[in-house]
Amino acid sequence: MGRFLLIRSKGTSYESFYTFTDCLYHALRRCGADVDVFDESKSANIRIFTGKSYDAIIDFNSTMPDKRLDDGTPVLNALDGPFINYLLDHPLYFHDQLSQNVSQHVVCIDRRHAAYLKRFYPELKSVSYAPLPMMPSDERDIISIKDRRIGILFTGTYTSFELVQRKLSGMNPDARRDVFEILSYMQADTNLTMEDAMTRFLETREKKIPDKIFRQFMHYYHMADAAAAAWARDIVVRAILNAGIKLSVCGHGWNSLRRYDNTPYDNLEIIPEVTYHRSVDMAYDAKIILNVMPWFKDGIHDRVLTAAGHGAVILSDETSALNELLGDSYVSFSLERLEDLSDKIGKVLRDTDYAQKLVGEAYTRTIDSCSYEAFAAMLCESCACTITK
C-alpha cells in the first residue's frame with residue numbers, strides 16, 4: 001500500500017500540527033502503508049531517510065523547501081519521493097518556500113488558494129484542493145444536545161486590533177498606510193480575497209505588474225490578510241456577546257478582550273488554554289461550535305469538521321465549499337449581516353429537535369467522506385497512480 005515519509009518541520013501553538021501528523025500516520029498504517037516520521041524539532045539528521053524511496057513525502061505548512069544539507073544540496077532534492085506540501089493557510093505566507101527550485105505538489109484547504117497558486121506559481125508540480133480531514137471521534141462519547149454543558153464554544157486565539165497595530169509598527173509609514181488601505185477594501189466587501197483587495201489597491205494607482213512581482217507584494221503586505229482575519233473574529237464574537245448570549249472561548253489572548261469602554265464582558269467564559277487535541281475533545285460537551293473563517297472564501301476550516309464529527313451544531317460564516325459539503329445541515333451567517341446572529345443562535349438553543357436534526361445530517365454528510373481514513377486511502381491511490389517525481 002505504499003511507503004510514506006511524514007515530516008514535522010514547523011512547530012505551532014496548541015501542538016496542532018503534531019496532532020495532524022499523528023492522525024495521518026495512524027490512518028496510513030491502517031491502510032497497510034509503511035510510514036516513517038521525521039520530527040525536525042527532535043533531530044536535525046534527516047540524512048537517515050535519504051537512502052529510502054518513498055511514494056510520497058508529506059509536510060504541513062512546510063519549511064523544508066528552503067532547507068539545505070551541509071553540502072548545500074536542497075533537502076528535498078536529497079530525498080527520494082514526490083513532496084506534498086499541505087498548506088493550511090493562505091499561500092502568501094509561504095512565498096519563500098513556494099519559490100524554491102524544488103519539486104512540490106501543493107494541497108490547499110481553500111479553492112481560491114489553489115486558484116491563486118495555479119496563476120502565480122506555475123513552477124509548482126501540481127496544485128489541488130482538499131479540506132483538512134476530520135479529527136477522529138468516538139460515537140460512544142457523543143451525547144445529545146440537551147445534555148451538553150457548554151452553549152457556544154469557540155476555540156482559537158484572540159488578536160486585538162491594538163496588537164495588530166503593534167505588529168505593524170515596524171513597517172515604514174507608507175507601507176503601514178498601504179496595509180490599512182488593503183484591509184479597508186476587505187472590510188467594505190467581505191467577499192473579497194486578499195488577492196482581490198491587492199488587485200484593487202494596485203488599480204487605484206494604475207499599476208500593472210508581472211505575476212512574479214504581484215506575489216511578492218502579497219507576501220510583503222501579508223499583515224493585511226492577518227488583520228482581516230483578526231477583525232472578522234473580533235466583530236463576530238462581539239456581536240454574540242453584545243446580544244447578551246453567553247460564549248465560551250478557549251485559546252490565547254482572550255483576557256485582552258474588553259468592551260469598547262474597557263469593561264469586561266460578564267457573559268464571556270474564558271477557558272484556560274489547552275492543546276489542540278484537548279480542544280477537540282471539548283467539542284463533545286458543546287451544543288454549538290462557532291467557526292469564523294480565517295478569511296477563507298471558498299474553503300472549510302477544521303473547526304467545522306470537528307463540530308460535525310463530535311455531534312455539535314456548526315455555526316459558521318458560509319463559503320461555497322462549505323455549502324456544497326453541508327447543505328442545510330449547518331447554521332450559516334454573513335459577516336455583513338451579524339444582526340441575524342442572535343435569532344439564529346436562539347433558535348438552536350431553544351429548539352432541541354431542530355438542533356439534533358442539524359447534528360445528525362452534518363454527521364452523516366461528513367463522517368466517512370471527510371475522515372483521515374478516506375484521506376489516507378486517497379493518498380495511497382493517487383501516489384500510486386498520478387503523482388510522479
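**Close-up views of a predicted model**

View 1. Leaving aside residues up to four places away in sequence, Thr 19 touches Met 135, Tyr 276 and His 277, where contact means heavy atoms within 4.5 Å. Thr 19 belongs to helix α1 (residues 16-30); helices (H or I, at least four residues) and strands (E, at least two) are DSSP runs, numbered from the N terminus. Thr 19 is buried, with a relative accessible area of 11%. Buried means under 20% relative accessible area, exposed over 50%, and partly exposed in between (1.4 Å probe, protein chains only). The model is predicted, so local features need pLDDT of at least 70 and side-chain atom pairs count only at pLDDT 80 or more, while totals for chains, interfaces and linings use all residues. Residues are numbered from 1 along each chain as its sequence is written, and side-chain values use heavy atoms, with hydrogens and water left out.

**View 2. Strand β1 and its two partners.** Five of the six residues of strand β1 (residues 3-8) are buried. Strand β1 pairs in the parallel sense with strand β2 (residues 34-39) over six bridges; two strands pair if DSSP finds at least two bridges between them. Within this pairing, Leu 6 has Val 37 of β2 as its bridge partner. Strands β1 and β3 also run parallel, joined by four bridges, and here Phe 4 stands opposite Ala 56 in β3.

**View 3. The unit formed by β5, α4 and β6.** Strand β5 (residues 105-108) and strand β6 (residues 126-129) pair in the parallel sense over four bridges. Val 106 has Val 127 in β6 as its bridge partner. Together with α4, these strands make a right-handed β-α-β unit. A crossover is right-handed if, with the strands pointing away from the viewer, the path from the first strand over the helix to the second runs clockwise.

**View 4. Two loop residues with positive phi.** Most residues other than glycine have a negative phi. Asn 61, in the loop between β3 (56-60) and α2 (75-78), has a positive phi near 45°. Asn 61 is buried, with a relative accessible area of 2%. Trp 295 is not a glycine either, yet has a positive phi of about 65°. Trp 295 lies in the loop between β10 (286-291) and α11 (302-309) and is buried, with a relative accessible area of 3%.

View 5. The model has one cavity of 30 Å³ or more, and the largest cavity has a volume of about 40 Å³. On a 1 Å grid over the protein atoms alone, a cavity is a set of points where a 1.4 Å probe fits but cannot get out, and lining residues have an atom within 4 Å of a point. Grid points are joined across faces, edges and corners, and a volume is the space filled by probe spheres set on the points. Among the lining residues are His 90, Asp 110, Met 194, Glu 195 and Trp 295. Helices α4 (111-120) and α7 (194-204) each supply at least two residues of this lining.

**View 6. Met 218 in helix α8.** Met 218 is located in helix α8 (residues 211-220) and is buried, with a relative accessible area of 0%. Not counting residues up to four places away in sequence, Met 218 touches His 90, Leu 92, Tyr 116, Met 194, Glu 195 and Met 198.

Notes: 1 Å grid on protein atoms, 1.4 Å probe; cavity = no way out; pocket = protein on both sides within 12 Å on 5 of 7 lines; lining within 4 Å.
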